[in-house]
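Hi everyone, thanks for making time this morning. I'd like to walk you through one model, so let me put it up on the screen.

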Amino acid sequence: MQFKGKTALVTGSTSGIGLGIAEAFGAEGANLIINGLGDAAETEQLRQRLAEQFGVTVLYDAADMSRPEQIEAMVQRGVDKFGAVDILVNNAGIQHVAPVDEFPLDKWDAIIAINLSSNFHAIRAALPAMKKRGWGRVINVASAHALVASPFKSAYVTAKHGVAGLTKTVALEVAEQGITANAICPGYVLTPLVQKQIPDTAKARGISEDEVIKNVLLAAQPTRKFVTVEQVAALAVYLASDAAASITGAILPIEGGWTAH
Ligand code: NAD
């Protein structure tokens, strides 16, 4: 229960990695602000389930992470309710895959807004209360694509490299105020989003779903295994712990050896 009395806001926590991170902080006693897409009944059910399972206060906020004013209002709601968002996890993200000269403009703008600019807006809104408390943790869920590129992912790779730069800059600015900022860089994690791509990729390439996993998704990862949501969540919890107080400005791979190539 190392985070009892603290509050964690996890963007994009109605699914996948974000949900796993929210659960891991709830299990350690943190009050939670969850966020992400989903219909009202589903998100309320999730909110109640987390509150009951962990015995913590859980707010759901529907802020659209492409809208700066909604992001700011969500953080302010957390500050008003709990005094501060002590642990900010910028996790919401989307993907679109297309050659750069055919990349749809609206997809470029959406990916830059949701995967990169949202981190800036949330950090900007959360830092003043963290500074007042003299303690804070900013954890940005970037990607192996913050460190290396893949073809056809220009917006995603650009956004994730940008998150790495933002993370380092924030870390330097608040280093003396008890606040750390780090980026987690997962390889492939079998979230609903990745799962949904497997049948389509199998069809498109005329190969089996097992071959998609082995020869397409995991081809980059020397371990030939997916990273798990639980592994990513455990790293986030570690980065928020007192033991990690000297880790800041770090861009941390958790990708089965992908970027060691
Ligand atoms: P996911 O699709 O399972 O979850 C994404 C979450 O973001 C959902 O809760 C969704 O509702 C939310 N979201 C999307 N658009 C939003 C918006 N406009 N406003 C608010 N919320 C929004 O995906 P995931 O795989 O769990 O990805 C989470 C993060 O991890 C992303 O930043 C992604 O880039 C990163 N990541 C994922 C993988 C992977 O293999 N799954 C690898 C590296 C990095």
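Let's start with the lining of the largest pocket: its residues divide into 23 nonpolar, 19 polar and five charged. Before going further, please keep in mind that this is a predicted model.

How much space lies in that largest pocket? About 1400 Å³. A total of 47 residues line the pocket, and the closest to its centre are Ile-94, Gln-95, Tyr-156, Leu-193 and Gln-197. As for the helices, at least two lining residues each come from helix 1, helix 5 (154–174), helix 6 (192–205) and helix 7 (209–217). Which helix gives the most to this lining? That would be helix 6, with seven residues.

Now over to the packing. As general background, nonpolar side chains in soluble globular proteins tend to be buried together. In this model, the largest nonpolar core has 35 residues, and the ones with the most contacts inside it are Ile-21, Phe-25, Ile-87 and Ile-139. Several elements give two or more residues to this core: the strands are strand 1 (7–10), strand 2 (31–35), strand 3 (58–61), strand 4 (87–90) and strand 5 (136–141), and the helices are helix 1 (16–27), helix 2 (40–54) and helix 8 (229–240). Helix 8 brings the largest share, eight residues.

Setting aside residues up to four places away in sequence, Ile-87 touches Phe-3, Thr-7, Ala-8, Leu-9, Phe-25, Trp-135, Arg-137, Ile-139 and Ala-240. There is also a second, separate core, with 29 residues, including Val-79, Ile-114, Val-170 and Val-174.

Two more residues, and then I'll stop. Asp-61 sits in strand 3. Is Asp-61 buried or exposed? Its relative accessibility is 11%, so Asp-61 counts as buried, the cut-off being under 20%. Not counting residues up to four places away in sequence, Asp-61 touches Ile-33, Ile-34, Asn-35, Gly-36, Met-74 and Arg-77.

The other one is Ala-164, which is part of helix 5. Ala-164 is buried too, because its relative accessible area is 8% and the cut-off is under 20%. Leaving aside neighbours within four places in sequence, Ala-164 is in contact with Ala-146 and Ile-251. And for a sense of scale, Ala-164 and Glu-42 are 122 residues apart in sequence and 33 Å apart in space, C-alpha to C-alpha.

How values were computed. Residues numbered from 1 in each chain as written. Predicted model: local features only at pLDDT ≥ 70, side-chain atom pairs only at ≥ 80, totals over all residues. Heavy atoms only, no water. Core = buried A, V, L, I, M, F, W, Y, C linked by side-chain atoms within 4.5 Å. Buried < 20%, exposed > 50% of the residue type's maximum accessible area, 1.4 Å probe, protein only. Helix = DSSP H or I, 4+ residues; strand = E, 2+ residues; numbered from the N terminus. Contact = heavy atoms within 4.5 Å. 1 Å grid on protein atoms, 1.4 Å probe; cavity = no way out; pocket = protein on both sides within 12 Å on 5 of 7 lines; lining within 4 Å. Points joined across faces, edges and corners; volume = space filled by probe spheres on them. Nonpolar A, V, L, I, M, F, W, Y, C, P; charged D, E, K, R; others polar.
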